[in-house]
Amino acid sequence: MTPLFRRRKSRRRVGDSLPGEGTRLSVAEASGVRSVAVAGDLFGVVQTGDNAQAVAVPPEALRPPAEVDAPPGLDNIPFRGVFIGRGAELDQLDDALAAPGAALVQAVHGLGGIGKSSLAAHWAATRARSSGYAPIRWIAADSAASVQQGLADLAADLQPLLAQALPEKMLAERALQWLATHSGWLVILDNVNDPEDIAPLLTRAATGRFLITSRLATVWHAATTVVRLDVLDEAESLELLTRIATNASGPRDMDGAGELCAELGHLPLAIEQAAAYLAQSPLLTPGGYLGLLAQYPADMYKAGGAGVTKAERTIARIWHLTLDRIQEIQPLATDLLRVLAWYVPDHIPATLLNRTADAPVVTSALGLLTTYSMATADPATSSLAVHRLVQALARTSDPDDLHRAPRLIDQARRQATTLLLNALPPGCEDPATWPAWRRLAPHTDALARHAPADTDTFDTTTVLNEVGLFLNDQGASGRAIAYFERALAASKRVLGATHPETLTSQSNLAVACESAGDVERAIHLHEQTLQDRVRMLGRDHPETLVSSNNLATAYQSAGNAERAIRLHEQTLRDRIRVLGRDHPYTLTSRNNLAGAYQLAGDQARAISLHQEGADDAARIMGNDHPQTLAARCNLAAAYEAAGDSERAISLQEQTLQDRMRILGRDHPDTLMSRSNLAAAYGSAGEVDRAVVYHEQALKDRMRVLGGNHPDTLTSRNNLAAAYQSAGQPERAIPLHEQVLDEAVRILGNDHPRMVTLRNNLAAAYEAAGQPERAVPLHEQALDDAVRILGNGHPDTLALRYNLAHTHQSAGNLDRAIPLYEDVLTDTERILGNDDPRTLASRTSLAEAHASAGDFDRAIPLLEQTLQDRVRIHGPGDPDTLAFRNNLAAVYQSAGDLDRAIRTYQETLHGAVRSLGSGHPSTITFRYNLAVALERAGDLDRAIPLYKQALDDAVQTLGNDHPMTVAILRANLDVALGQSED
């Protein structure tokens, strides 16, 4: 690279963990580079970047799209120069656009340069505008990304403040909602290559008009009218040539004009280029131009494919002849044209070329290109456009063409790469840089598409890495992976397999794979990167510690809590020693370690670490910093996981209020807080409030993020789970089914989230008493988990457990018990004897044996589990007391009333000490002891217990509570009656 251009330092990424939303699987997910994640029992994530920036916008900017009026001057019809003829086609467009539907402008031979875009622009600027269409928007539609970019630009023009607050995908969705709720607009979708790229737009926005241009001829069956555009007739092409050629010089010798038009095949683009050359050369006649053409064989698609027409070959001759003239006047102009050939045809920022030469020289060169119609300037946007056919020829080397010599093509490609590199913003965390990233990302796509991979340079790898990071941050993990894979291959070839920049590319690829759900590949890449960095940089190098953190997070995503904890602990110690306690990366490590403890079920240590992290973030960055709010959100999730709903709700409520005040009501983090608060209400048993908040969260995410956003799917899933908890299966099941269908379409069958969603729908079927529908879904989810996650993944164990439970619920104990036995064996081996999931598996196996009447197997399993719970949680823990009560019930069912009574007494005494005499659980335990004594014939002891339980229930629950009326009072009456007898 010459000193003229600056060298950019590639960014290194740190993956953080975030609190999550989910339902049954207790799956923790880490999502996104530079994010923190901790999952609860519900499906979803809470996100914030390491260096997240808050962009404050006034409330009026966040109105629903339906309430936003289009400001004046929103039209963006491109200027297309002189327009001749096409009267019949213009009339067809008038007729087509008068009725619902879309009009397609299509060349007969599917060739570029026929004038499709010119026709659309002229009709829109004259007839459509005079007919009252407003606004009229022009969208490049050659790819899905271009359509999304065009929609995002519309949203930004409607509400400029949102351009720095929302990512491109959210802006595009907002524009789509605006179109769907307004009428009278016209959208031109230019150069559609794949109808699927525009299908969602045509389906959802049906209140305005679309005009489509495309080279495709046979796929527009749903269009109202297909306008097949042919070449100009002789008179029209002659008029076009004459008007352009004589515009500046006035009357001149046009001898040979008819023959020239015929030689050019009456192709508008070829006519325009030839006329521009004549206008610049007033002494040259059209006949003289024909003589020059004879010296240059047509060769536009010399290396092209089938179906090449004479007109396209003629463009090559004109291009060569025109470039000879431009080269004589200003050599830099031809250099710039070859550079521009590597970008997308439209909206090329003129600032990209600023460093190619002194400003006056660059200005003169660009002016010459526009004079000869080799480029078009748009002063309103300070951008350039070059016809795609001109670009295709300009970047195709030909040793026989002085303008396309291999050396010149290679030089132009390298320069285009370096210019793009120097134009990239310094980072993508700040939303203020997002518009610039969105403008440049399409040009990166074009460069990567046109340049052979074996020509990639170090600058190419840097561009791919930088733009890949932006795409991954925006949720486009698939596109990011393709960029990172190419960057990695190029780095290995150019720099070597262990060069620091190569290892950065490898790390970026690993993080993107993890974001896309390919955790196995992510772990392999992270392990390789860590080994290489230890060997090349040393164990204490900051980049080595980044790799260590990322690998630990990947283990965590894979459900391997033990390996994650060990590595997170080591990374935290190393970062404290190397970077200091207050370094942001140290705070990240502490948060991630807390998440790993939470995944392992060690809630006490998780809470302690999250509290320390929240306190440190507030001390170092301030109470209102987004990272501080994220730390508090994680702490609240830890409280919720530990069963401390009161503290979890209080903290979630405060975090929601703070985020609304600091970030705004529609910020993604605010939406996440509202969803987390709903989940906390659900965990606390406040089902009605949970439903209300989940409904609001879904409504907000639909409005702000769109129906296809992963967070919207999460909200829909969580609302379905809330309906299920509220005893409304008729509302839960359809919503779960909808989520599953949408996730298959958006994420694909092999995404890890599909396992969770199938499990949730199966659970809803089971709760509704439909085990015959639940079992096949559980089986499919289990098969998918084994295939995608592996047999020992905690989620796989949970799915096998759920399948066993469904069989048990259906009374099929012969199938349930072997599954429970497999789960218990695996949880003991993988998670350890003290893991909550191991204790739950042992309990469920014991209950299945008890249901089958096999108390000899059930009771030892339950007794062992009780001993473990007392050792781990203590005898006064509410769950331990409940378990002891259940063991007493099994003794009672087995006919051993003596042991049952002794165990009930131990439970009651512990509950009085730990919970108090009036606690609902204590009332239940006292009642159960009374029942056991009554069955043993000991009414003298049973009746006082019934009376005390009734008195406590009246005081705690009230006279009308079912426990008071239907159970305690009725049983006391029966016992008293037996006593009198």
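**How strands line up around β3**

In which sense do β3 and strand β4 (residues 209-214) pair, and over how many bridges? The two pair in the parallel sense, over 5 bridges. Strands count as paired if DSSP finds at least two bridges between them. In β4, Arg 209 is the bridge partner of Leu 186.

Strand β3 (residues 186-192) is mostly covered, with 7 of its 7 residues buried. Buried means under 20% relative accessible area, exposed over 50%, and partly exposed in between (1.4 Å probe, protein chains only). Helices (H or I, at least four residues) and strands (E, at least two) are DSSP runs, numbered from the N terminus.

**About the model**

This is a predicted model, where local features need pLDDT of at least 70 and side-chain atom pairs count only at pLDDT 80 or more, while totals for chains, interfaces and linings use all residues. Residues are numbered from 1 along each chain as its sequence is written, and side-chain values use heavy atoms, leaving out hydrogens and water.

**A stacked pair of rings**

The structure holds 6 aromatic pairs. Rings of Phe, Tyr and Trp (its six-membered ring) pair if their centres lie within 6.5 Å; planes under 30 degrees apart count as stacked, over 60 as edge-to-face and the rest as tilted. Trp 437 and Phe 470 are stacked because their ring centres are 5.3 Å apart and their planes are at 10 degrees.
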